[in-house]
Amino acid sequence: MRPFDYTRATDPAGAVALMARPDAKYLAGGTNLVDLMKLGVETPGLLVDVTRLLPAGIEESAAGLRIGAGARNSDVAADPRVRERYPVLSRALLAGASGQLRNAATIGGNLLQRTRCRYFQDVTKPCNKREPGTGCPAVTGAHRDLAILGTSEHCVATHPSDLAVALAALDAQVHLHEAAPVPLTGLYALPGDTPQVETVLPPGALITAVSLPPLGFSSGYRKVRDRASYAFAVASIAAALDVVDGTVRDVRIAWGGVAPRPWRAYEAERVLRGGPATEAAFRAAADAELAAARPLPDNAFKVPLVRNLTAAALAELAGVDR
Ligand SMILES: Cc1cc2nc3c(=O)[nH]c(=O)nc-3n(C[C@H](O)[C@H](O)[C@H](O)COP(=O)(O)OP(=O)(O)OC[C@H]3O[C@@H](n4cnc5c(N)ncnc54)[C@H](O)[C@@H]3O)c2cc1C
Ligand code: SF4
């Protein structure tokens, strides 16, 4: 047990000021941070509890929906406005963790949870993300669950959040205390040769809310996992599709479980827009995006898996018989 200090900040400015201490970390629901402290992966000297100061409500306006960073995952998933207008978001949240965890987990904390790569979580093993320069045993070791897109020789970890995949498809913005908002699709850094740098956020940045523009067409979330619940994604898709007279007018696709960040499939979207809403077109679009995949021996199965998942999800949204 390592000793650490704990304090409850009373306002966002006070919380940010406390982060001037280099070993300070924000504490929200604690469902990821405290687990990592028990494993010795995270060793903060000061926990700054932000649960009581972050907005936890959901506001709707002509600009869309704004969700406080302190909102619990279960409350957001159950909100009637979310369920009706952004089913992709509700379903992504319900596909994550368990009921008890969703009751504790917050929107801000979910976005900044760390990878589930087993070497990252085991302090007896080398890991470039945890200890830069020590190597990446996953490349030659256990990588079945890890990434096929956006990787580098230094790290092949995936980002574990289901929420982030839905927000990537929804063109969400991440709002910070006294800093410009960041688009969700630009929040996460790819590993390159600095896998320890996971986001574009400056040290001490406090997420205060996420906002979603209006969507206006149907959306859904599908997740492939090794168990029916309580398991992270082997692969997942957040999709939204607008079809008029058999032609794709608009489409959004983001994949989870395949990259170090939620992977917005811009190339697949480009291929689909203005074309036929058929299963063959959905598969071809997935393949156009997957041309960039660099799978490892034990996760090459994710390429056909993501192709099939994409075809199934888009066919369902388009009402196409398979
Ligand atoms: C058994 C298990 C299964 C799980 N399965 C899934 C799953 O299938 N899908 C999924 O998506 N998730 C899953 N999770 C992860 C879970 O959803 C996250 O642990 C949770 O969402 C994190 O939120 P939190 O509020 O508890 O964050 P915390 O653990 O409190 O914090 C996480 C990180 O975010 C930082 N942080 C928190 N709030 C802010 C803020 N407002 N601004 C800046 N930084 C902040 C903290 O400093 C910390 O680094 C699972 C977790 C467990 C334990
Ligand atoms: S994949 Fe990334 S997190 Fe996993 S061992 Fe390699 S460097 Fe560490």
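Modeller: Let us begin with a definition: a salt bridge is a side-chain nitrogen of Lys or Arg within 4 Å of a carboxyl oxygen of Asp or Glu. Side chains of opposite charge can pair when their charged atoms come close. In this predicted model, Arg 144 and Asp 145 form such a pair, with their closest N and O atoms 2.7 Å apart.

Biologist: Before we continue, on what conventions do these values rest?

Modeller: This is a predicted model, in which local features need pLDDT of at least 70 and side-chain atom pairs count only at pLDDT 80 or more, while totals for chains, interfaces and linings use all residues. Residues are numbered from 1 along each chain as its sequence is written, chains are lettered from A and ligands numbered from 1 in the order in which they are written, and side-chain values use heavy atoms, with hydrogens and water left out.

Biologist: How many salt bridges does the structure hold?

Modeller: The structure holds 25 salt bridges. One of them joins Arg 81 to Asp 79, where the closest N and O atoms are 2.8 Å apart.

Biologist: Are Arg 81 and Asp 79 buried or exposed?

Modeller: The general idea is relative accessible area, found with a 1.4 Å probe on protein chains only: buried means under 20%, exposed over 50%, and partly exposed in between. Arg 81 counts as partly exposed at 25%, whereas Asp 79 is buried at 10%.

Biologist: Which residue forms a salt bridge with Asp 250?

Modeller: Asp 250 pairs with Arg 273, and the closest N and O atoms are 3.1 Å apart. Asp 250 belongs to strand S11 (residues 247-256) and Arg 273 to the loop between helix H9 (266-272) and helix H10 (279-290), so this pair ties together parts that are 23 residues apart in sequence. Here helices (H or I, at least four residues) and strands (E, at least two) are DSSP runs, numbered from the N terminus. Asp 250 is partly exposed, at 22%, and Arg 273 is also partly exposed, at 37%. Both residues belong to a network of salt bridges that also links Asp 171, Arg 252, Arg 264 and Glu 269.

Biologist: How should I read a helix in terms of burial, taking H5 as the case?

Modeller: One looks at its residues in turn. Six of the eight residues of helix H5 (residues 87-94) are buried, so the helix is largely enclosed by the rest of the structure. The buried residues are Pro 87, Val 88, Leu 89, Ser 90, Ala 92 and Leu 93.

Biologist: What can be said of the backbone angle phi at Ala 97?

Modeller: Ala 97 has a positive phi of about 55°, although it is not a glycine. Ala 97 is found in the loop between H5 and helix H6 (99-104), and it is partly exposed at 33%. Glu 178, another residue other than glycine, has a positive phi near 50°. Glu 178 occupies the loop between strand S6 (173-176) and strand S7 (179-183) and counts as exposed, at 74%.

Biologist: Let us turn to the ligands. Which residues come nearest to ligand 1?

Modeller: A residue is near a molecule if one of its heavy atoms lies within 4 Å of it. Of the 33 residues around ligand 1, Tyr 26, Gly 30, Thr 31, Thr 106 and Asp 162 come nearest. A polar contact with the ligand is a pair of N or O atoms within 3.5 Å. A backbone N or O atom of Gly 29 lies 2.8 Å from an oxygen atom of ligand 1, and for Gly 30 the corresponding distance is 2.7 Å. A polar backbone atom of Asn 32 is 2.9 Å from an oxygen atom of ligand 1.

Biologist: How many residues surround ligand 2?

Modeller: There are 13 residues around ligand 2, the closest being Cys 117, Cys 127, Cys 136, Cys 155 and Val 156. By class, this shell has ten nonpolar, two polar and one charged residues. In that scheme Ala, Val, Leu, Ile, Met, Phe, Trp, Tyr, Cys and Pro count as nonpolar, Asp, Glu, Lys and Arg as charged, and the others, Gly among them, as polar.

Definitions and conventions
Polar contact = N/O pair within 3.5 Å; in protein donor to acceptor, adjacent residues only side chain to side chain.
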